[in-house]
Amino acid sequence: MKITMTPDILYKFTNAGILLNERAYKKISSSKDPIDLTSSIISYLSAKYKKKDLILLTVEILDKFLEKELLENQGIETKGMESVKKRVPDAINSVKLQDSGFGISENDDSKYGKDFKFKKPSNDFDFDFKVLKDSNKKSYTSGNIKDMVSYFNSRYRKIKEFLKKRKELTDHFAIADIYQSKDVIKIIGMVNDIRSTKNNHKIIELEDETGEISVLIHNDNHKLFEKSETLVRDEVLGVVGSRKGNLIIASELVNPGVPRLEEKNIDFSVVFISDIHIGSSTFLEDSFRKFIKWLNGEYGNEEQKEIAADVKYLIVAGDIVDGIGIYPHQEEELIIKDIHSQYDEAARLFGEIRQDLKIIISPGNHDASRVAEPQPVIPKEYANPLYDLNNIEFVSNPSLVSLNGLNTLIYHGRSFDDLAMTLKGFSHQKSDLIMRELLEKRHLAPIYGERTPLASELEDHLVIDEIPHVLHTGHVHINSYKMYKGVHMINSGTFQSQTEFQKIYNIIPTCGEVPVLHKGVFKVLKFA
Ligand code: D5M
Ligand code: FE
Ligand code: ZN
């Protein structure tokens, strides 16, 4: 339906600045009077939120609204029902935009799409830094339903190109054509739904540009069933199987996958950090200052100092500052309660780093960029003093950069929350499993409309078009490293000690443990 849906109710929602996920859409469209229900939800939400706020309507919010409506229709006063009223705005607040410049970034685009070299620094290293892919300028949505349809179409088409190249899927069918065949069926589709039958088999609903079909995954087929446990809604994959009436019995599930990459030799070092959370009372300033001293050659043993001397690039994958209004009662955990002052402090700290290394900064969900992904660069108006440091490059989240030929895909990792919650055996601790899965699915945030706010734009910028040498992520605050098919998958931990929120989720952060690719060899340096 996502590829083909264009009904009136979607126009109404997008015009009101409300994104709705597919489950909410289904629920509304199957109600008695969808148009009437749509109007009342919109007027309810619009009364509460300014248009600049991006509102994501999930089934949970919808259910709260319906609960409230039902009670009101029965003549029960809901004014006093704090629990209902409270939970609704909480859920919505989590996707509020932080800046009014939703969508279109004001940054100049002279840097993008072109090869450019930096001013040569004082030593003789020849910097060759390129932004290969950045969603910055292109990143906007007009709030038109056409965008949402184009968005899913773009995702489908891009990933289908990878799948078409898989030998398992040569001579694949359009879903509308499968009834013409009695033999093996091969299709490429987007997952609309995943559910279990009462006998604990799995049914997935697949959609392509021509139609929809149900696919059965029999639990007797253990290997296949195990593979199906990593399926998520909205991913695009191939299915091989046989047709039985209106059903396909799957024999194989095919991911777009990752071709093995030749390892890239480098004769310099790259340092990966994220989740510094400057401004928070839990920011580990001492540890961060030790790290800076190390970079500057003033801390550590001889071997560590030698590594530091080889560092040419420092990548920061988001959550530079703690931000404000990110979660309820955040003020109580802030030392610096103003976003500009947080970035001022960040500039003071980054300003102490030696000038002859290049710093690349990409935003996270705590930074002052819009929250919907792709996130444009941290806006200059919030971080002027950082922009004044001329060894810093600002890139979007995600973005693909080349560091003297070492292609590095930077993504903060917000979607890890969704995958950790959705998939059996996955967790925040196992971000290496998540990264592998994302590479296999060729998408950084496959699930649409859950915790990760995704902007439905004309193009899906979170498709992994090109396999990088390095995938650098953060967000989970726990280090991980794995080499997968030639890709260094690195999660860079944090400089923030455990927060109250993380206590609840039992997230034990790795603090001040910094991953480094030292001439191609992975190392971790500790500054706790
Ligand atoms: O994320 C800090 C940590 O908290 C990280 O381990 C992810 C986890 N986290 C953040 N938001 C959520 C939600 N909504 N559900 C579950 N876990 C979450 P940070 O972005 O620094 O606040
Ligand atoms: Fe963080
Ligand atoms: Zn984060």
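Student: In which loop is the place of Thr-499?

Tutor: This is a predicted model. Thr-499 touches Thr-282 and Glu-333, leaving aside residues up to four places away in sequence. Its C-alpha atom is separated by 9.2 Å from that of Pro-509, 10 residues along the chain. The place of Thr-499 itself is in the loop between S17 and helix H14 (500-504).

Student: Does Thr-499 count as buried or exposed, and at what relative accessibility?

Tutor: Buried means under 20% relative accessible area. Thr-499 has 7% relative accessibility, so the residue counts as buried.

Student: Which protein atoms coordinate the iron ion (ligand 2)?

Tutor: Along the chain, the donors of the iron ion (ligand 2) follow the spacing D-x1-H-x41-D-x157-H. Their distances are 2.0 to 2.4 Å. The coordinating atoms are Asp-275 (OD), His-277 (NE2), Asp-319 (OD) and His-477 (NE2).

Student: How many residues apart in sequence are the parts that Asp-275 and Asp-319 tie together?

Tutor: Both of these aspartates, Asp-275 and Asp-319, are buried, and both are donors of the iron ion (ligand 2). Asp-275 lies in the loop between strand S9 (269-273) and helix H8 (285-295), and Asp-319 in the loop between S10 and H10, so the parts they tie together are 44 residues apart.

Student: Which are the protein donors of the zinc ion (ligand 3)?

Tutor: The spacing of the donors of the zinc ion (ligand 3) along the chain is D-x45-N-x46-H-x62-H. They lie 2.2 to 2.3 Å from the ion. The donors are Asp-319 (OD), Asn-365 (OD1), His-412 (NE2) and His-475 (ND1).

Student: Which residue bridges the iron ion (ligand 2) and the zinc ion (ligand 3)?

Tutor: The two ions lie 3.1 Å apart. The bridging residue is Asp-319.

Student: At roughly what angle do the axes of H8 and H10 cross?

Tutor: The contact is made by Glu-285, Phe-288, Arg-289 and Ile-292 in H8 with Glu-345, Leu-349 and Phe-350 in H10. By class, the contact has 4 nonpolar, no polar and 3 charged residues. The axes come within 10 Å and cross at roughly 35 degrees.

Student: Are H12 and H13 roughly parallel or roughly perpendicular to each other?

Tutor: Helix H12 (residues 415-422) and helix H13 (residues 431-441) pack with their axes 10 Å apart, at an angle of about 100 degrees. Angles of 65 to 115 degrees count as roughly perpendicular. H12 and H13 are therefore roughly perpendicular.

Student: Which residues of H13 does H12 meet?

Tutor: From H12, the residues involved are Ser-415, Phe-416, Leu-419 and Ala-420. By class, the contact of H12 with H13 has 6 nonpolar, 2 polar and no charged residues. On the H13 side, the residues met are Ser-431, Ile-434, Met-435 and Leu-438.

Student: How many residues of H12 are buried?

Tutor: The buried residues of H12 are Ser-415, Phe-416, Asp-417, Asp-418, Leu-419 and Ala-420. What covers them includes strand S14 (406-411), H13, S15 and strand S17 (487-491). H12 is mostly covered, and its buried residues number 6 of 8.

Student: What is the omega of the cis peptide bond from Glu-373 to Pro-374?

Tutor: Most peptide bonds are trans. Pro-374 is found in the loop between strand S11 (358-362) and helix H11 (384-388). The bond from Glu-373 to Pro-374 is cis, with omega near 5 degrees.

Student: Is Lys-519 buried or partly exposed, and with what relative accessible area?

Tutor: Lys-519 lies in the loop between strand S18 (513-518) and strand S19 (521-526). Although Lys-519 is not a glycine, its phi is positive, at about 50 degrees. Buried means under 20% relative accessible area, and exposed over 50%. Lys-519 is partly exposed, with a relative accessible area of 43%.

Conventions. Residues are numbered from 1 along each chain as its sequence is written. Chains are lettered from A and ligands numbered from 1 in the order in which they are written. This is a predicted model: local features need pLDDT of at least 70, side-chain atom pairs count only at pLDDT 80 or more; totals for chains, interfaces and linings use all residues. Side-chain values use heavy atoms; hydrogens and water are left out. Axes are lines fitted to C-alpha atoms, for helices over the stretch in contact, and angles run from 0 to 180 degrees between N-to-C directions. Helices (H or I, at least four residues) and strands (E, at least two) are DSSP runs, numbered from the N terminus. Angles under 35 degrees count as roughly parallel, over 145 as roughly antiparallel, 65 to 115 as roughly perpendicular and the rest as oblique. Contact means heavy atoms within 4.5 Å. Ala, Val, Leu, Ile, Met, Phe, Trp, Tyr, Cys and Pro count as nonpolar, Asp, Glu, Lys and Arg as charged, and the others, Gly among them, as polar. Donors are N, O and S atoms within 2.8 Å of the metal (3.2 Å for Na, K and Ca); water is not among the atoms, so sites may look incomplete. Buried means under 20% relative accessible area, exposed over 50%, partly exposed in between (1.4 Å probe, protein chains only).
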